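Please consult the sequence and the structure shown here while reading.

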Amino acid sequence: MTAAPFLAGEGLRAPGGDGGLRRTFREKYLLRLLVRRELRARYKGSLLGLGWSYVRPAVHFAVYFYVIGVFLGMDDRVENFPVYLFSGMVLLNLFTETLHSATRSVTGNAALVRKVFLPRELFPTASVLVSLVHFLPGMMILLGGAVAAGWRPSPAELGAALYGFAIVLVLGFGLGLLFAAVNVFFRDLEQVVDISMIVITWSVPMIYPWTHVREHAPGWVLDLYLANPLVSAVSLFQRAFWFPGTRGDYAFPPHLYAHAGAALAVSALVFAAGHAAFSRMQARFAQEL
């Protein structure tokens, strides 16, 4: 009996070939397994478990509030400073955790990458989903504080919040894909990302108003500062959750929504570039790991 003729390219894919993000989201079962695995690994042996997602932002907030707000007097300069601070912090924490965990997502699953064929995008995607799980408790705390300060939801405010959230999620996911791929070949990138977290914290109007930059920095520094997509995203979140509970005399950065539109477009380009780089490099992941 003769064997059936082999047709090249008939349903075959090179090991490590690009399964694509569409296939990643079709693999819902694998994605859920990876998310659960990462959460269990992170909280293994912990008494509080996922409760640390509430403790961590609360402690982070308390340190900044008492040092910047009370000791350095920002609480007297910015109305309702606690909500101002936390509305920026909760969004920035989503970005930094996404970037931090996604960068390590492929190298942290080296055994699976070497032995099992599955869409490599599953690993940074799972890291992004874990970051969203940790984002939810912070959002609940923010909503409670905003309501206590007089916030009531309106379409404009909810739209601003979704706008800022979209910028951070798309930008963080895009950079996460890029850094996850590059980190396979250059492990020093993990340290660079860790150091960049310090810079990112101070590069947005979270613990100070953006007017401080306008008053104390040259014009070109202000232009560069306002071009940062995270500045637009944080300002939008503050517009959504902090501003409605104030007297309403705070001046946001000029052309905020125009800058936000440009920021979202830049974030989409970063995402496309990150995905293209990941797709191009992933064929060598197993070999490098």
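The points below cover a positive surface patch and then the salt bridges. The model is predicted. A search of the whole structure finds four salt bridges, and a positive surface patch is formed by residues from Arg 22 to Arg 40, among them Lys 28 and Arg 36.

**Positive surface patch**

- The members of the positive patch are Arg 22, Arg 26, Lys 28, Arg 32, Arg 36 and Arg 40.
- Two helices, α1 (20-26) and α2 (28-42), each give two or more residues to this patch.
- Helix α2 supplies the largest share, four residues.
- Arg 36 is found in helix α2 and counts as partly exposed because its relative accessibility is 44%, a value between the limits of 20% and 50% that define this class.

**Salt bridges of Arg 104**

- Side chains of opposite charge can pair when their charged atoms come close.
- Glu 190 and Arg 104 form a salt bridge in which the closest N and O atoms are 3.8 Å apart.
- Glu 190 belongs to helix α9 (residues 189-202) and Arg 104 to the loop between α5 and α6 (110-115), so this pair ties together parts that are 86 residues apart in sequence.
- Glu 190 has a relative accessible area of 17% and is therefore buried, since buried means under 20%.
- Arg 104, at 21% relative accessibility, counts as partly exposed.
- Arg 104 also meets the side chain of Asp 194 in a salt bridge, with an N to O distance of 2.9 Å.
- That pair links distant parts of the chain, with Arg 104 in the loop between α5 and α6 and Asp 194 in helix α9, 90 residues apart.
- Asp 194 is partly exposed, its relative accessible area being 28%.

- Arg 247 lies in the loop between α12 (229-241) and α13 (256-281), whereas Glu 79 lies in the loop between α4 (74-77) and α5 (81-103); the pair links distant parts of the chain, 168 residues apart.
- Arg 247 counts as exposed because its relative accessibility is 64%, and exposed means over 50%.
- Glu 79 is partly exposed, with a relative accessible area of 26%.

Technical notes. Residues are numbered from 1 along each chain as its sequence is written. This is a predicted model: local features need pLDDT of at least 70, side-chain atom pairs count only at pLDDT 80 or more; totals for chains, interfaces and linings use all residues. Side-chain values use heavy atoms; hydrogens and water are left out. Patches are made of residues with over 30% relative accessible area and no salt bridge: like charges are joined within 9 Å, nonpolar side chains (Val, Leu, Ile, Met, Phe, Trp, Tyr) within 5 Å. Accessible areas come from the Shrake-Rupley method with a 1.4 Å probe; for residues, only the protein chains shown count as cover. Lys and Arg count as positive and Asp and Glu as negative; His and the chain ends are not counted. The place of a charge is taken as NZ of Lys, CZ of Arg, CG of Asp or CD of Glu. Buried means under 20% relative accessible area, exposed over 50%, partly exposed in between (1.4 Å probe, protein chains only).
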